[in-house]
Amino acid sequence: MGPLSGITILDLTSVLMGPYATQTLADMGADVIKVESPEGDIVRHIGPGRTPGMGGMFLNTNRGKRSIVIDLKQEEGRQALLRLAARANALIYNVRPQAMARLGLSYERVAAVNPGIIYLGAFGYGQDGPYAAKPAYDDLIQGAAGVPTLLAAAGDGTPRYVPITIADRIVGLMAVNAMLGALLHQQRTGEGQRIDVPMFESMASFVLVDHLGGLTYEPPLDHGGYARLLSRSRKPYRTSDGYLCVLIYNDKQWRSFFEAIDRTDFLAQPRFANHAARTRHIDEIYEEIGAIFQTRTTADWRELLERADIPVMPMHSMESILDDPHLRAIGFFETVEHPVEGRVRQMKVPSTWSATQPEPGAPAPTLGGNGRDILKEAGFSAAEIDRLGHSKAVHLPD
């Protein structure tokens, strides 16, 4: 049993940030009830899939959950949701708070039926500033937090977004952290609360830990930015037959590297004297070391660097990572049987626990496939369930 066994979370999120957070909570054992619109989560339709509404990205952000379809624009649907909320430990959503208020599901309305509930919103911007009502997406938040500017500085000068929904994932994990803290407080005191986890502020703090630099001080000492991370030569090293990821970082590693390639003369150069000196000369150092790496094969370099205890890893593709020997040895990927999709690959929980190991739950649910069970467990009578189904306020597949 996972550490959150016995905790019920109403999941009103969609797309990626919220579902990633609630899947993490489901992996920890929470009963996550995914409340979907009649159209379903839009991510159901992203990417390849064997059947409509069960795309790969949806499968990888919604395992371990149960799905019910409730039309929250109908009064009967809202009342059904409030009855579920009355029995839940937490509710999480990722639309703007104004939209929740328009639905009649503000914190005050939900807390009226369950004062002990945790009401967590993960959305674009804090509600005390001028951006409060603005919509937000991963690309917009990356831009506002300075990520494309950093990539331009580290690349060819062209601003780009990271090709991962990195803001969604990072802020999703921050939402998990907030939820766990709130659940601990709730279990100790019985007290519920509203929590806002804004994307912009969360990503700004995440990015600026690395790059605020001299702007930390008043007056500023520089224009910000961590030189090593912004070096245009900070990239996988080209070898004579491929690429390799290597980080020679501290004094011991630099000494070991030059000894391993029989170039200890480099150690006498002032730019290699210490970390501060190397940081000042990082562009030229990376460029020069890059030329050295082109003189040997990838296999030769891996053998030499591992023998010298210098950090090195392969540069995987999305296909080659599936055969990584370490991931294979720990059983990171497993194939499970999905009731609709057949055999699918899923990833294990990456952390290991000695007592309450989180485990992936059932594969991601079909749209509304658990509706009748969820309503029955919440105390709805058979007649009420039938009436809700006929009213279309709650969609109940046969």
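How many residues does the hairpin that joins E7 to E8 run through? In this predicted model, the hairpin between E7 and E8 passes through four residues.

The chain holds 17 helices and 12 strands. Its C-alpha trace spans about 85 × 55 × 40 Å along the principal axes. Of the 398 residues, 43% are buried. Among contacts with a separation of 6 or more, 70% are made by residues 24 or more positions apart.

A second open sheet is built from seven strands in the order E6-E5-E4-E1-E2-E3-E12, with mixed pairing. Its edges are strand E6 (193-198) and strand E12 (394-395), each of which pairs on one side only. Within this sheet, strand E4 (residues 90-93) and strand E5 (residues 118-123) run parallel and are joined by four bridges. Ile92 stands opposite Leu120 in E5. Helix H9 (residues 199-211) packs on the sheet and touches both E5 and E6, its direction making about 60° with that of E6.

H9 also meets other helices. Two packed helices are described by the angle between their axes and the distance between the axes. For helix H8 (residues 166-189) and H9, the axes come within 10 Å and cross at roughly 95°, which means that H8 is roughly perpendicular to H9. On the H8 side, the contact is made by Ala167, Asp168, Ile170, Val171 and Met174; on the H9 side, by Met199, Ser202, Met203, Ser205 and Phe206. These residues divide into seven nonpolar, two polar and one charged.

Helix H7 (residues 147-154) is another neighbour of H9. Val147, Pro148 and Ala152 of H7 are buried. Viewed down the axis of H7, the buried residues fall within an arc of 140°, so they line one face of the helix. They pack against helix H6 (138-144) as well as H9. Which residues does Ala153 contact, leaving aside its neighbours within four places in sequence? Ala153, also in H7, is in contact with Leu230 and Arg232. Ala153 counts as partly exposed because its relative accessibility is 36%, between the limits of 20% and 50%. Its C-alpha lies 32 Å from that of Leu322, a residue 169 positions away in sequence.

Some backbone details in the loops deserve a look. Most residues other than glycine have a negative phi, and most peptide bonds are trans. Against that background, the peptide bond from Glu218 to Pro219 is cis, with omega near -5°. Pro219 sits in the loop between H9 and helix H10 (227-230). Asp262 has a positive phi, near 60°, without being a glycine. This aspartate is found in the loop between helix H11 (251-260) and helix H12 (275-280). With a relative accessibility of 64%, Asp262 counts as exposed. Lys392, likewise not a glycine, has a positive phi of about 70°. Lys392 lies in the loop between helix H17 (382-391) and E12, and E12 is one of the edge strands of the seven-stranded sheet.

Technical notes: Residues are numbered from 1 along each chain as its sequence is written. This is a predicted model: local features need pLDDT of at least 70, side-chain atom pairs count only at pLDDT 80 or more; totals for chains, interfaces and linings use all residues. Side-chain values use heavy atoms; hydrogens and water are left out. Two strands pair if DSSP finds at least two bridges between them. Helices (H or I, at least four residues) and strands (E, at least two) are DSSP runs, numbered from the N terminus. Contact means heavy atoms within 4.5 Å. Axes are lines fitted to C-alpha atoms, for helices over the stretch in contact, and angles run from 0 to 180 degrees between N-to-C directions. Buried means under 20% relative accessible area, exposed over 50%, partly exposed in between (1.4 Å probe, protein chains only). The arc is that of the directions from the helix axis to the C-beta atoms. Angles under 35 degrees count as roughly parallel, over 145 as roughly antiparallel, 65 to 115 as roughly perpendicular and the rest as oblique. Ala, Val, Leu, Ile, Met, Phe, Trp, Tyr, Cys and Pro count as nonpolar, Asp, Glu, Lys and Arg as charged, and the others, Gly among them, as polar.
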